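Look at the model below and follow a few charged side chains through it. The paragraphs after it take them in turn.

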Amino acid sequence: MKRPLRIVVAGYAVGFPLGGQLWMMLHFAAGLARLGHEVIFLEDTADWAYPFDPVLGHVGSDSSRGRAIVDRLFAAHGLAGRWAYVSQIEDRLYGMDRATLDAHLARADFFLNISGVIPLRDEYRQAPVRAVIDTDPVFTQVKVASDAWSHDYFAAHQTCFTYGCNLPAGTTGVPLSDIDWKPLLPPVILDLWPRGEGRGTNYTTIGTWEAKDRDVEVAGKKLSWRKNVKFEAILDLPGRLPGVPLGMAMSGMKDNAERYRAAGWDVRDALEVSRDPDGYRNYIRQARGEFTIAKDQNVVLKSGWFSDRTATFLAAGRPAVVEDTGFGTYLPVGEGLFPFEGPEAAMDALGRVEADPVRAGNAARAIAAAYFDSDRVLTGLLRQCGLA
C-alpha cells in the first residue's frame, strides 16, 4: 500500500438512520479505515433533506435520534468522533467542530461520494481525486441523460461507479451519456456479519413496499420501481410451498399486511426491524435465507444490479433466492445464490436450498468472501481511482 490516504466518505446516515442505510455507510467508512487510511464521514442535508425519525416514523426538523445512532455505531467500529453532520435545516454543524472539519477537507486526498446525495460545495471539491457511487442504477443513468444538472453533478467526479455491473458494457439499452461508468460490488466487512446459527426462521427480505415518482422509460419501455406490483404476482406462493416459511419486512404496506398474512406470509414492519442497526443485522442472521423480487428497471434490462442487503445475507451464511437482474454474468449462481424468473423458477430454487441447506449456506458465505469482502472491494475501488 502507498502511504495512508486522507479520505472523506460522504453519504447519508443521520438523515435516514435505518439499518440497511447505516450498514452501507459503515462498510465503506470503517472498511477504508481498516485498510489503514485516515477516514472521516461527512453528511450534508442541503436545504431539502429533513431528517427521518426512526421512532416517530416520519421526517421532522430534529436530527437528535439519528445523530445518537450514528455516533454510537461509528464509535463501536473505530470511528469515534470521525463524523460531521452539516444540518442546513437546523443551522448547525454536529459531530466534529468546524475547524476540524475544514482541516480534514483541506488536506483530503480522496472524496468518496456514496449515492450522490451530498451537495458539491466548493469546500468538498478540494480533494484532488473524487469518485461517486451510483447505488440506484438505471434510474440514475436515465436522470443523468435527461437532466443537465444531474449530468454535471456526476461529471464533477473523475470516477463514476455503479452497482449496475452490466451497464458499462453498453449492452442493456440504458443511456450512459458520456460518463465512463465503472462496475462496483457493495463491500461488506465480513467479521461484522458472523454466520447465523441453526436453520433460521424463514426466507425473507427488508424493503419499501411502494416508491412513487421513480418509474422510468428506456427505449420506449415504461419500467416500474415499485415492489408491491411484483409481490402481487406471488401472493399465493406460501400455499404452493407447504413447509417452506416465507416472510417479508416492508414499510408502507398498510392494509396489505393483513392480506399477505392471510396468504401465509410472515409480515413484519420494516421500521421496527431497521430502527436499530444491531436488530437489523440480527433479523438477517436469524433468517433462513433471503427471498426477494427486484425492481423491473433492473430485471427487464438485466442491469446486473446487486443489493448490499443481499450481500449481507450471503456474508451471514444465508442463501439468497433473488429475482434475476443479470448478476449471473459476474457471480457464481446455483448453490448459495439463486437467480429466478417467475414463480415456478422461484419454487424450484427454494426447493434446492431446502434440499441441502448446509451446502447452500457454506456456498453463500464463500461467495461473500470471494466477491464482497470489503478489503477486496475497497482496494479495487482505490486502484480504479489511481490511489492504490
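Arg288 has a relative accessible area of 14%, and because the cut-off for buried is under 20%, this residue counts as buried. The model is a predicted one. In the chain, Arg288 sits in the loop that runs between α10 (277–285) and β17 (289–292).

What does Arg288 touch, leaving aside residues up to four places away in sequence? Its contacts are Arg199, Gly200, Thr201, Asn202, Tyr203, Gly243, Pro245, Arg318, Pro319 and Glu354. With Glu354 there is a polar contact from side chain to side chain, at 3.2 Å. Phe338 is 50 residues away from Arg288 along the chain, and the C-alpha atoms of these two are separated by 14 Å.

Next come the salt bridges. The structure has 21 salt bridges, counted as a side-chain nitrogen of Lys or Arg within 4 Å of a carboxyl oxygen of Asp or Glu. Three of them are described here, starting with the one between the side chains of Asp109 and Arg3, at 2.8 Å from N to O. Asp109 is buried, at 10% relative accessibility, whereas Arg3, with a relative accessible area of 46%, is partly exposed. A network of salt bridges links Arg3 and Asp109 with Arg6.

Another salt bridge joins the side chains of Arg98 and Asp102, at 3.3 Å from N to O. Where do Arg98 and Asp102 lie? Both are in helix α3, 4 residues apart, which is about one turn of the helix. Arg98 is partly exposed at 37% relative accessibility, and Asp102 is also partly exposed, with a relative accessible area of 34%.

The last pair is Asp296 and Lys230, whose side chains meet in a salt bridge at 3.2 Å from N to O. This pair links distant parts of the chain, 66 residues apart: Asp296 is in helix α11 (residues 296–301) and Lys230 is in helix α6 (residues 228–232). Lys230 has a relative accessible area of 13% and is buried. The two fall into separate classes because buried means under 20% relative accessible area.

Definitions and conventions
Residues are numbered from 1 along each chain as its sequence is written. This is a predicted model: local features need pLDDT of at least 70, side-chain atom pairs count only at pLDDT 80 or more; totals for chains, interfaces and linings use all residues. Side-chain values use heavy atoms; hydrogens and water are left out. Helices (H or I, at least four residues) and strands (E, at least two) are DSSP runs, numbered from the N terminus. Buried means under 20% relative accessible area, exposed over 50%, partly exposed in between (1.4 Å probe, protein chains only). Contact means heavy atoms within 4.5 Å. A polar contact is a pair of N or O atoms within 3.5 Å; within protein, one must be able to donate a hydrogen and the other to accept it, and residues adjacent in sequence count only if both atoms are side-chain atoms.
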